[in-house]
Amino acid sequence: MISRLQILIRSSSQQRYAVVANGTSGVGSLVNLKSYCTKTEQVKNEFNHDQDETEQEKPNKNEGPQRKRPPIKSFVPAVKNPFASASEKTKDVYLSMVNIFAERDVHRRNHVEFIYAAMKHMSEFGVEHDLEVYKALINVMPKGKMIPKNIFQAEFMHYPKQQQCIIDLLEQMEDLGVMPDYEMEAMLLNVFGKHGHPLRKYWRMMYWMPKFKNASPWPLPNPVPDDTLTVAKLAVERMCTVDPRSQISTFDTKDIKDALDQTWIVSGMSPDQSQLLKEHPRNKAVYIEGPFMIWLRNRTINYFTLRADPDMEFLNSLRNQQIDEDDVTHLHVPFFGKVPRKPHQVGKVRSVHQQDDGTIFAICATGTSTKDSLLSWIRLLEANGNPSLGEIPVLFRFHSNVGEKAVQIEGNSEDDMPMTRNDDTTMTTSEKPQR
């Protein structure tokens, strides 16, 4: 028995020494080692093993700072925008891209994003005022599946993303003054049904937009022409409607000798204004003021006025002759005594062109808005029935009160007021037209 025990102890000690000496042994050898160790030795070995792992994790000071690896980003494929990459910006190209998207897939995935992208690039293609383009975008929406089946779907906005997209499209049409037609109603009915919110928006637009479409007493062509001469004629005609007898004339500076600017001039003047100019004193100057700005929808034009200082003596005499109909201090009752008759006076009647701030003789718009073109305008007025302009001094007063009025509205201090241009130059005898 003793000899057998000695043999077993020798074999086990040899096995332990073999495992310690062989550092490349596998996992099974390590398990055998732990099974044959005592409890204190096993804890000590585990502590030494953990300490070795922590020392391996610590960076080496001699190796320098370690580089941090950038986080791995997920790859997202970019979606190509056909409207931004289009080489030609025309209506035909725009409609062809819409038709390609509509015929590409039966399910028409991402149709809402496509419509928003198409609305964003409308101004680049010049189709923001075209009704046909809006109907083509509505036609992109799938038909039938977004129609509500019950009252809850109808009131809680069935398919809200798609309905809000078409509502935004109709809002853009309303802001730009594009009035829908009955074909669009049928298209919205096929997409969202009669209880859809876009169809309610369409009905509100069809109620109000026709009322405001023809409310202006100065109708303009739609769209407003790009020709500056045509826009100037429309602007002068609009401003001259204050006097129905006003005449609009178009001149060319080529008819004036020694004219530097070769341009057009649109002038507006009535017979009453010609008479006022004829009666104007020769020793008082008249002024060419401007430029002023007038808007015709989305177009602007600058114009000038020929005016004089107000005749305060005449205006004061008119105020004394006027009787305030709302004044009850001198109320006469016809039932007691005789009613005093009003004195019959013969006097001048105030013209619509005689305002409190001055008398307007004429207005004009030129192609260059320069002093030379305005000088040609004065010469042309003198040659066309206003010979008194050759005897009256004419001053150029280029100024604009828009900045001052804006400051008054905003309530800024006088130190922050912008400088306005106010140039008064007198036409010399050499610049006056030869009679």
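Author: Tyr287 stands opposite Leu395 in β7. This is a predicted model, where local features need pLDDT of at least 70, side-chain atom pairs count only at pLDDT 80 or more, and totals for chains, interfaces and linings use all residues. Residues are numbered from 1 along each chain as its sequence is written, and side-chain values use heavy atoms, with hydrogens and water left out.

Reader: OK. In which sense do β3 and β7 pair?

Author: Parallel, over 5 bridges. Strands are DSSP runs (E, at least two residues; helices are H or I, at least four), numbered from the N terminus, and two strands pair if DSSP finds at least two bridges between them.

Reader: And β7, how many of its residues are buried?

Author: 5 of the 5 residues in β7 (residues 394-398) are buried, so the strand is largely enclosed by the rest of the structure. Buried means under 20% relative accessible area, exposed means over 50%, and partly exposed is in between (1.4 Å probe, protein chains only).

Reader: Which residues sit on each side of β7?

Author: Val394, Phe396 and Phe398 are on one side, Leu395 and Arg397 on the other, and all are buried.

Reader: What does β3 do with β4?

Author: Strand β3 (residues 286-296) runs antiparallel to β4, with 8 bridges joining them. Trp295 stands opposite Thr300 in β4. The two strands form a hairpin with 2 residues between them, and Arg297 in that turn has a positive phi of about 60°.

Reader: Which strand pairs with β4 over 5 bridges?

Author: That's β6 (residues 358-366), again in the antiparallel sense. Thr305 stands opposite Ile363 there. As for burial, 7 of the 10 residues of β4 (residues 299-308) are buried, so β4 is largely enclosed by the rest of the structure.

Reader: Switching topic: where are the cis peptide bonds?

Author: One runs from Gly290 to Pro291, with omega near -5°, and Pro291 is in strand β3. Another runs from Asn222 to Pro223, with omega near 5°; Pro223 is in the loop between α11 (197-213) and α12 (228-239).

Reader: What about Asp258, is it buried or exposed?

Author: Asp258 has 62% relative accessibility, so it counts as exposed. It has a positive phi of about 65° although it is not a glycine, and it lies in the loop between β1 (247-252) and β2 (264-269). Met157 also has a positive phi, about 60°, without being a glycine.

Reader: Why does the largest pocket count as lying between domains?

Author: Domain 1 (91-213) and domain 2 (228-321 + 349-398) both give residues to the lining, so the largest pocket lies between them. Those bounds come from an automatic or database domain assignment.
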